[in-house]
Amino acid sequence: MYRIRCLYSKKDKAAYISHLDFMSTIQRSLIRAGVKLIYTKGFNPHPYISIALPLSVGVESECELLDVEITGNSLPKNINNFMPDGVEIHRTYISARKLSNIQWVDVFIEFIYDFRDDEKAKYSKKLLKLFSADSLIIDKKSKSGIKSTDIAPFIKDVNFSCEENIIMTAKLSAQNPTIGYNDIIQVFNQNNDIQTPDLIKMKRIAIYDKDMILFK
Amino acid sequence: METIEKILAKVQKPARYTGGEYNQIIKDKTKVDVRVALCFPDVYEIGMSNLGLRIIYGVLNNMENVWCERVFSPWADMEEQLRENNIPLYGLESYDTIKDFDIIAFSLGYELSYTNMLNMLDLAGVPLKRNERNDKNPLVIAGGSCSLNPNPISDFIDLFVVGDGEEIIVELVNLYNDLKADKDEKANKTKFLEKSSILDGVYVPSIHDKTNTTISKRVVKNLDTAFFPTRTIVPSMSIVHDRTVLELFRGCYHKCKFCQAGFTEHPVRSRSVETLTKQGIEAITNSGYDEIGLLSLSTGDYKDLSKLCDNLLKWCEPRKVSLSLPSLRASNFNVELLKQVQKVRKSSLTFAPEAGSQRLRDYINKDITEGELFDACKLAFENGWNSVKLYFMLGLPTETDDDVLAIAKVAHSVLNTWREHTNNKKRGVRITLSTSCFIPKPHTPFEREEQISVKEYLRRVSLLKNAIQSKMITYNWHSPDQGYVEAALSRGDKGLGAVIEAAWRGGARFDSWSECFSLQTWLNAFAECNLNIDDYATKKRKENETLPWSFIKV
Ligand code: SF4
């Protein structure tokens, strides 16, 4: 029995597959690729598959990790022939590090406005100020309900640039608490003097541990 | 693409509208001659669970020069976004707007999806009525059980396929292609309709209505050689029937008098155990599913069911794949079968005695006796099942209050059977009793019968409800409102086209979804067209009256 870690991307059309649906999608993909999964014992056996960080619907990622327990020690070479569009496994390896050690996610966020270019540049500065302020308080959803939370400590290395769209790169806290797509939207919902973009596109680029070392 | 991304961010379950699933068919559009939009007038989760749709998709895409794409009804939130952003309805494979396709083909399995059909045409930017469309518009065709009475929608559809679709669709598309002068132009519609109107199983309103021709249905004779999709799309979101399915046979040996399928899908044609085993293994291997559903009108009647289950289980068990057997009848329910199903997973059991008293069951030709039902339940309870669903109809012809009360008696006897035969009383039992309102359907012996009124149905519901004495029996009754409109549409004539359009303009969508259905919208539509819904739904037809669907021969 081996626990295999897979680094994969989930992009384009696949970004719209919800976390829950993705669990069964990946399970079916592995099965049809001929991977022999290890199942739990008991009345309703299910395979051991765990995904490191749930991804919100619509968010893309180049750095997803999942662990799966299988009988052999590797996945078939042609594994990607069995995936739906937009899902691609890049690397598989055996790792002893616990997924709970992940702490930061490097993200790339595109804010799409129907503005003139000079307006966009101005707005980009405004957003930089907003996201790098010492405090950024939003109503944040958690297991225990909605709580007013300062998320500034959980956002790092904020950078803005303005090309065709306004682009933000930053590191967001990955777990405890998780800062995700919905929190970014919430920032706009709760700031009346800032126009909400027509579309916010987000992509995960890389994940790190608490010492900012690339997590593998 | 960016506009579509924008709207996907605003709708529930965006995966309904993205495509990109494993095994979807992508072709080079510059290299195909005919493009078909296969439209299913309900949401993705329901459409993708439909075997007929998968068969047609497979058959057409097997043709090298044809590209068939899927289109489902957008839910209200998506409809709003599409309209607001002026995005015409698109095929899931290419994202191209379907108004540029050659053929729009609807799969129509239930009358309450007619308004969705109109809505899809409208969202595509295609004129609704066939006489408003020209050669620049796609050809609009339809197949499925609704073709058994095509009258209510014959204003909108250029051509209907009656009966089994998988062979005739290939002939039609080939014929269409032969008539295309240029790859990028559509075929001459008049010529195409003329030539296709002589084919078996084809009804062309613009031609046949002038001549009073009778139309016979198309029958696929040999299911072993017929196309069956074993490399099918695996949805990336959960759908209603999230499993591989095998079609054991078409048709049904029983002739329950209310059942349209039983009277129209004959003769019975089966696939062999060898074919089914091979198809099952292939389909599971190509999909990664962990369940095979054995589908047919009455699966328990398949002559080699035990052998088939054995064969499949041999392969499935070590791979943690389970079998599910829907539509078992109490009369052919046996231990062997039960054990086989049980081996991998235990599901809840469903029986449909349809009527409470033996007299009425005999009258409607439902050959289940109480003895058989209780024996089947006894077996189930002894083997650890603790949930049974029972389906009945209210309002069947000749039904009296005694017949209604007999339903409660059946439920109580099932409960007693559980008390006597369960080996685990502590776990309790769940008996779910459901009733729906009888709908007289064309081509059945009951096609001229009346439907009871909504008020009368509700009276019988409360009669039954008061007769149920135990908390372990849950009684669910379907609202009669939808059945009332369904009855009218099922037995409709050409006059109903205007009503359907009026209902759609009045906002009717997803009428088969109780949360979306509004009886008032339909009553308004009938009133607007100066028609009385009761002339269609509840009225008994005279013996000498010519029925509008009698030109379709089944
Ligand atoms: S109700 Fe079932 S058993 Fe009866 S005719 Fe119809 S399909 Fe056959």
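Modeller: A polar contact is a pair of N or O atoms within 3.5 Å; within protein, one atom must be able to donate a hydrogen and the other to accept it, and residues adjacent in sequence count only if both atoms are side-chain atoms. By that rule, 6 residue pairs are in polar contact between chain A and chain B, both residues at pLDDT 80 or more.

Biologist: What makes pLDDT matter here?

Modeller: This is a predicted model, where local features need pLDDT of at least 70 and side-chain atom pairs count only at pLDDT 80 or more, while totals for chains, interfaces and linings use all residues. Residues are numbered from 1 along each chain as its sequence is written, chains are lettered from A and ligands numbered from 1 in the order written, and side-chain values use heavy atoms, with hydrogens and water left out.

Biologist: Which elements of chain A give two or more residues to the side that touches chain B?

Modeller: Helix H1 (19-32) and strand E10 (199-208) of chain A do. H1(A) gives the largest share, 6 residues. Helices (H or I, at least four residues) and strands (E, at least two) are DSSP runs, numbered from the N terminus.

Biologist: How many residues of that side of chain A are nonpolar, polar and charged?

Modeller: The division is 11 nonpolar, 4 polar and 7 charged. Ala, Val, Leu, Ile, Met, Phe, Trp, Tyr, Cys and Pro count as nonpolar, Asp, Glu, Lys and Arg as charged, and the others, Gly among them, as polar.

Biologist: Why is the pair Arg28(A) and Asp242(B) called a salt bridge?

Modeller: The term asks for a side-chain nitrogen of Lys or Arg within 4 Å of a carboxyl oxygen of Asp or Glu. Arg28(A) and Asp242(B) are 3.5 Å apart, N to O, so the pair qualifies. The count between chain A and chain B is 2 salt bridges.

Biologist: How many residues of each chain are in contact, and what area do chain A and chain B bury?

Modeller: Contact means heavy atoms within 4.5 Å, and 22 residues of chain A meet that with 31 residues of chain B. Buried area is the accessible area (1.4 Å probe) that two parts lose on being put together, summed over both. For chain A and chain B this comes to about 2,100 Å², 55% of it on carbon and sulfur atoms.

Biologist: Which domains does chain A have, and what links them?

Modeller: Chain A has domain 1 (2-96) and domain 2 (102-209), with bounds that come from an automatic or database domain assignment. Their C-alpha centres lie 28 Å apart, yet 13 residues of domain 1 are in contact with 11 of domain 2. The two domains of chain A bury about 1,100 Å², 62% of it from carbon and sulfur atoms. There are 2 salt bridges between them. Glu64(A) and Arg204(A) meet in a salt bridge at 2.8 Å, N to O.

Biologist: How do you know whether helix H17 of chain B is covered or open?

Modeller: Of the 11 residues of H17(B) (480-490), 10 are buried, so by the accessibility cut-off the helix is mostly covered. Among the buried ones are Tyr484(B), Val485(B) and Leu489(B). The cover includes helices H5 (114-124), H16 (454-467), H18 (496-505), H19 (519-528) and H20 (533-536) of chain B.

Biologist: What caps the N-terminal end of H17(B)?

Modeller: Ser479(B) does, with a side-chain oxygen 3.1 Å from the backbone nitrogen of Asp481(B).

Note on methods:
Buried < 20%, exposed > 50% of the residue type's maximum accessible area, 1.4 Å probe, protein only.
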